[in-house]
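Morning, everyone. Let me put the model on the screen, and then we'll walk through it.

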Amino acid sequence: MINTMLIASDVYPRLAILLVVFTSCAMEAECLRVQIPSHCKQGFSMPPTPTSCVAIPRRRTSIFTRLYRSFLYVQHVEEMKSSFIETDLRNAAMRLHTKEQAPREGKAVTVTTEPYVPTIQDYLQFLVDSKHVYEALEVAVNSRSELALLRCTGLERSVPLEQDILFITQEYGISRPSVGDMGKQYSSKIQLIVADGSNIPEFICHYYNFYFAHLAGGRMIGKKMSSLLLNNKTLEFYKYGDDLPQLKSRTKALIESMASAWTEEERQKCIEATEEAFYYGGGLNSYLMGGEVSKSH
Ligand code: HEM
């Protein structure tokens, strides 16, 4: 009997605390529910606008609010796991990485090459060609109405790249190289893809791979080049402001909302373009591995 009383006196207060926590969480949930745009909660079924997917306002920051935010975040991550971009398209890209590039997800066979130390000229050529490709992507997005959702995502890179190219030419006294073969070929390819507006899924594959490659492995490359060639200076190319995770997830959500209107055949077309995106994107990287530019020096 005493034992039962002791257990009860121990358990009931805890139950009471739990009850208060859950009730408050539920109230908080109701309160926050109205503040989250519906496409953020419902797998992005509505086309979101870049500014509509805002963070939950920071009016109340009680433990319950934070708990519920964590819960929403987990829910959001779970939703993204079942999305086209986070599963099919991303998996297609990750499979084409070598273990060396992406140790957790890479599946491609590593081709061993002679070690090569890139020069500032190689890096400059890489930046010049990358800018040329970004320009082609940005012109396509700004000129085709089917791509209007992707205007002004905040990920655009041709302006910061121009600043970096000017900086390097001035700081290191190197003349600006003309766009190399890799950049010209990829830019022409992009123009061809969007020319008649019927290959939007293929274009989206190139768009996703080029922008998000530079946000993943590209930033790793940027850090290496910075310490090797630029006295640890961070180029404008790699600066996105404080809300990069948000910019990334918003842009992915925009692509997701476009893909949600595609047929199965269009989705396949998008996924199948991944190899070509790697062919061209990898071609630009080869400037840093003793490829094109070094041969032409
Ligand atoms: C030296 C070359 C490369 C390295 C070291 C590299 C490394 C990586 C790593 C580590 C990730 C995983 C990031 C993460 O989710 O945690 C990644 C993701 C990715 N990479 Fe690469 N990568 C390289 C080249 C490329 C190329 C050539 C392409 C295509 C043009 C590409 C496209 C992608 C894409 C689309 C993702 C997924 C990004 C996302 O969905 O957020 N990568 N890369």
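**The ligand shell and its helices**

By class, the shell around the ligand has ten nonpolar, seven polar and one charged residues. On those classes: Ala, Val, Leu, Ile, Met, Phe, Trp, Tyr, Cys and Pro count as nonpolar, Asp, Glu, Lys and Arg as charged, and the others, Gly among them, as polar.

Two notes on the source. This is a predicted model: local features need pLDDT of at least 70, side-chain atom pairs count only at pLDDT 80 or more, and totals for chains, interfaces and linings use all residues. Residues are numbered from 1 along each chain as its sequence is written.

Back to the ligand. Of the 18 residues around the ligand, Gln101, Ala213, Ala216, Gly217 and Gly281 come nearest. Near means a C-beta atom, placed from the backbone, within 6 Å. Elements giving two or more residues to this shell are α4 (85-95), α8, α9 and α12. Helices here are DSSP runs (H or I, at least four residues), numbered from the N terminus. The largest share, five residues, comes from α12.

Now the packing. Helix α8 (residues 200-215) meets helix α12 (residues 274-285) at about 45 degrees, axes 9 Å apart. Axes are lines fitted to C-alpha atoms over the stretch in contact; angles run from 0 to 180 degrees between N-to-C directions. Cys205, His206, Asn209, Phe210 and Ala213 of α8 make the contact with Thr274, Ala277 and Gly281 of α12. Contact means C-beta atoms, placed from the backbone, within 7 Å. By class, that is four nonpolar, four polar and no charged residues.

Last, just after α9, Asn231 takes a positive phi of about 55 degrees.

Note on methods: Two residues are in contact if their C-beta atoms, placed from the backbone, lie within 7 Å.
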